[in-house]
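Subject: Structure handover and findings

Dear colleague,

I am passing on the structure we spoke about, together with an account of what was found in it. Please have it open while you read, as the notes below go through it part by part.

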Amino acid sequence: MISFHKERIRIPNPIQVVEIVFGKKTSGKAVATAFEACRAMKKIAVLVGNCPGFVFNRMLFAYMEEAHRLMHENGLMPNQVDEIVRHAGFLMGPITMHDMNGVDVGAKVKTEQGWPVNPIEEWLLKNKRLGRKTGKGFYFYDADAKKHNDAESVETTNYSYLQVEWKIRELASKATRSSVLMSDQDVLEALLFPMVNEGYNLLERGMIADPALIDIMFIFGFGWPRATGGPLKWGESRQKRLAEKLHDWKANDKTSMLELSQRVKSIRKNKM
C-alpha cells in the first residue's frame, strides 16, 4: 500500500501488488509519482479509495471471517479448511495464512477498524497462541517452524485442554448457524461468496474503478488460481447461485455482518 499525507508518499515493505490510496485532497502529481515509484520497483500498482481496510484487506477479512466461522460454527478443523482451499488451486489455505500473519496482528486491525473479534480469535489470544512466531496458533510449529496439526503436538502423557481442536468442537457444539455444508464446494462457496460480495460493495462505493483491477490484485497478491480469472470473474460465472446463497445466509443468520451489495440484490430480483 502507498498512502498520501500532505503530499508525502509512504511506501511500506515491498510486495508484488501495491495499493495506491487516494483521498479528497490527493493531487494528481502525487498519484503519478506513486505510480512511477511502483513502475521503477516493478510492482503492480492499483489506485484505490480511502476506506477502512482499503480494498484488498476488506475483501481479505471477509474471507478470513468466513474461514473462522467454518470452524467455530460448523466444526471444521483448520487442516480441513486449508486442504479444501488448496485443492481448489489456491497457493495457501486461510488458516495457514492467518498463522503466518499473526493472530494478534489480525485482531489488532479488526479492533482499530471497529470490527468484532470472533470467539476462536479471542481464545487464541487469551492463550497466547499467536501463530507461527510463537510456535502455536491454529497449528503447532516445531523448532524448524514445520507445521503440524495441534493434536500431533500433544504427548500421550500430557493432554492439554488448550488444544485448538477441542476448543473448536466446544464452540461449534453451542453454535446455531443455519447453513448446512454437504460438500467441499459448499465450503468454498461459504468462503468466497462473501468475499466477492464485498468486492461488489467496494465497486459501488467508488473505492476501485474496475472489477478487473480486483481480479489482478488477488491473482498476483493473494495466490488466487489464475485459471478462474480472479474473484469477481469467478463470481460472475455463478452469479445466480451466489446471489441466492448470500440472500439466504443473510436472512437466516442474525449474527452475520454480511452487507448485501446492490449487485447481489439486483441479480436475485431479476431472477425472481
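How many helices and strands make up the secondary structure of the chain? The secondary structure comes to twelve helices and six strands, and please keep in mind throughout that this is a predicted model. Of the 272 residues in the chain, 47% are buried, and the accessible surface comes to about 14,400 Å², with 53% of that area belonging to carbon and sulfur atoms. As for contacts along the chain, among those between residues at least 6 apart in sequence, 64% join residues at least 24 apart.

The pockets

The largest pocket has a volume of about 1,100 Å³, and its lining consists of 34 residues, of which Ile15, Phe56, Asn57, Leu60 and Asn101 lie nearest the centre. Strand 3 (17-22), helix 2 (56-72), helix 4 (94-101), helix 5 (103-113) and helix 9 (211-221) each supply at least two residues of this lining, and helix 2 gives the most, with six residues. Sorted by class, the lining of the largest pocket has 19 nonpolar, eleven polar and four charged residues.

The second largest pocket holds about 510 Å³ of space and is lined by 22 residues, with Phe61, Ala62, Glu65, Met257 and Leu258 lying nearest its centre. Helix 2 and helix 8 (184-204) are the elements that give two or more residues to this lining, and the largest share, seven residues, again comes from helix 2. By class, the lining of the second largest pocket has eight nonpolar, six polar and eight charged residues.

Which residues of helix 4 are buried? They are Pro94, Ile95, Thr96, Met97, His98 and Asp99, and because these are six of the eight residues of the helix, helix 4 is largely enclosed by the rest of the structure. The buried residues of helix 4 pack against helix 2, helix 3 (78-87), helix 5, helix 6, strand 5 (140-141) and strand 6 (147-148). Just after helix 4, Gly102 takes a positive phi of about 105°.

In helix 6, which covers residues 119-126, the buried residues are Ile120, Glu121, Trp123 and Leu124. They cover an arc of only 160° around the axis, and so they lie on the same side of helix 6. An α-helix has 3.6 residues a turn, so residues three or four places apart point the same way. Among the elements that cover the buried residues of helix 6 are helix 2, helix 4, helix 5 and helix 7 (164-174).

Leu124, in helix 6, is buried with a relative accessible area of 0%. Leaving aside neighbours within four places in sequence, Leu124 is in contact with Val103, Arg129, Gly137, Phe138 and Val164. Leu124 and Asp104 are 20 residues apart in sequence, and their C-alpha atoms are 8.8 Å apart in space.

Individual residues

Most residues other than glycine have a negative phi, and most peptide bonds are trans.

Lastly, Phe22 is found in strand 3 and is partly exposed, with a relative accessible area of 30%. The C-alpha atoms of Phe22 and Met207 are separated by 9.5 Å, and the two residues are 185 residues apart along the chain.

With best wishes

Conventions: Residues numbered from 1 in each chain as written. Predicted model: local features only at pLDDT ≥ 70, side-chain atom pairs only at ≥ 80, totals over all residues. Heavy atoms only, no water. 1 Å grid on protein atoms, 1.4 Å probe; cavity = no way out; pocket = protein on both sides within 12 Å on 5 of 7 lines; lining within 4 Å. Points joined across faces, edges and corners; volume = space filled by probe spheres on them. Helix = DSSP H or I, 4+ residues; strand = E, 2+ residues; numbered from the N terminus. Nonpolar A, V, L, I, M, F, W, Y, C, P; charged D, E, K, R; others polar. Buried < 20%, exposed > 50% of the residue type's maximum accessible area, 1.4 Å probe, protein only. Contact = heavy atoms within 4.5 Å. Areas by Shrake-Rupley, 256 points an atom, 1.4 Å probe, with all protein chains shown as cover. Arc of directions from axis to C-beta.
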